[in-house]
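Please look over the sequence and the structure before reading on.

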Amino acid sequence: MMPVNRRRFLAMALSFPAVASAAVNSPSQSGIPDLVETMLTRAHAPRHSNELWVLVDDRESTLSVFRGNALLERFAPISLGRAGAKTQRVRGDSVTPLGEFRINRFNYESQWRTFMAIDYPTPAHARMALESGIYSQTDYEDYFEYYRRYGHPSQNTALGGAIGIHGLGAADPDIHGRYNWTQGCVAVTNEQIDRLAELVGVGTRVVIR
């Protein structure tokens with residue numbers, strides 16, 4: 001697992017400072033800016049010409065691997081959460097979180113063949129949760145304290161966790177081809193997850209839009 005160095009952690013913390021009070025409505029209802037949506041407007045551009053990165057497109061139902069702007073592989077159709085994809089999710093709602101992430105762990109013994117965990121919830125998701133009332137001020141501070149201590153976000157908060165990219169395992173390929181069926185993850189076929197595991201690694205940037 002890739003540790004979070006002091007410089008990166010401070011950058012995250014300073015980018016999303018705590019606010020004195022939280023609103024009770026969602027960002028879209030209360031007029032609070034959607035931080036994740038704003039980040040996504042520029043996330044689809046490579047960080048440098050040789051960057052290996054992944055783009056998951058909800059509208060097109062595709063997962064694409066790029067080297068810079070060059071397309072290396074495209075997998076379709078993919079499956080997302082049964083409740084769709086949104087910038088804000090909460091534990092148990094079967095929503096796939098939109099946003100910009102990094103792969104931070106591989107589990108090759110998963111029931112889904114291979115599981116590539118991503119670093120959800122990100123600081124942007126935590127900030128939105130605070131401003132919409134999903135997180136209390138204490139929850140928000142605990143989020144950053146956990147991240148600072150362990151180098152990855154807690155998976156046991158109101159925002160849920162255990163989000164990643166995985167294969168089908170023993171799941172029905174026919175259902176996969178016709179429906180969004182996951183609890184919030186991005187699913188591809190077993191053959192596709194094997195190929196993806198050959199291309200990406202811990203630290204690879206993943207954009208879900």
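## Basis of the description

This is a predicted model, in which local features need pLDDT of at least 70 and side-chain atom pairs count only at pLDDT 80 or more, while totals for chains, interfaces and linings use all residues. Residues are numbered from 1 along each chain as its sequence is written, and side-chain values use heavy atoms, leaving out hydrogens and water.

## The chain as a whole

The chain holds seven helices and 10 strands. Both are DSSP runs numbered from the N terminus: helices are H or I with at least four residues, and strands are E with at least two. Of its 209 residues, 49% count as buried. Buried means under 20% relative accessible area, exposed means over 50%, and partly exposed lies in between, with a 1.4 Å probe and protein chains only.

The accessible surface of the chain is about 10,400 Å², and carbon and sulfur atoms account for 49% of it. Such areas come from the Shrake-Rupley method with a 1.4 Å probe; for residues, only the protein chains shown count as cover. Among contacts with a separation of 6 or more, 63% are between residues 24 or more positions apart; a contact means heavy atoms within 4.5 Å.

## The nonpolar core

In soluble globular proteins, nonpolar side chains tend to be buried together. Here the largest nonpolar core comprises 44 residues, and V56, L63, L196 and V200 have the most contacts inside it. Such a core is a set of buried Ala, Val, Leu, Ile, Met, Phe, Trp, Tyr and Cys residues joined through side-chain atoms within 4.5 Å.

Leaving aside residues up to four places away in sequence, V56 touches T62, L63, I78, L80, V186, V206, V207, I208 and R209.

Helix 4 is mostly covered, with 10 of its 10 residues buried. Among them are H125, R127 and E131, as well as A129. After this helix comes G133, whose phi is positive, near 90 degrees.

D139 belongs to helix 5, residues 137-150, and is partly exposed at a relative accessible area of 33%. Between D139 and A129 there are 9.4 Å from C-alpha to C-alpha, and the two are 10 residues apart in sequence.

## Backbone features in the loops

One runs from A76 to P77, with omega near -10 degrees; P77 is in the loop between strand 3 (70-75) and strand 4 (85-86). Another runs from Y120 to P121, with omega near -5 degrees, and P121 is in the loop between strand 7 (113-118) and helix 4 (123-132).

S94, a residue other than glycine, has a positive phi near 60 degrees. The loop between strand 4 and strand 5 (96-97) contains S94, which counts as buried at 10% relative accessibility.

## The second largest pocket

Of its 19 lining residues, A162, T182, Q183, G184 and C185 are the closest to its centre. On a 1 Å grid over the protein atoms alone, a pocket is an open set of points where a 1.4 Å probe fits, with protein on both sides within 12 Å along at least five of seven lines, and lining residues have an atom within 4 Å of a point.

The lining has six nonpolar, nine polar and four charged residues. A162 lies in the loop between helix 5 and strand 8 (164-166), and has a positive phi of about 55 degrees although it is not a glycine. A162 is partly exposed, with a relative accessible area of 49%.

Note on methods: Nonpolar A, V, L, I, M, F, W, Y, C, P; charged D, E, K, R; others polar.
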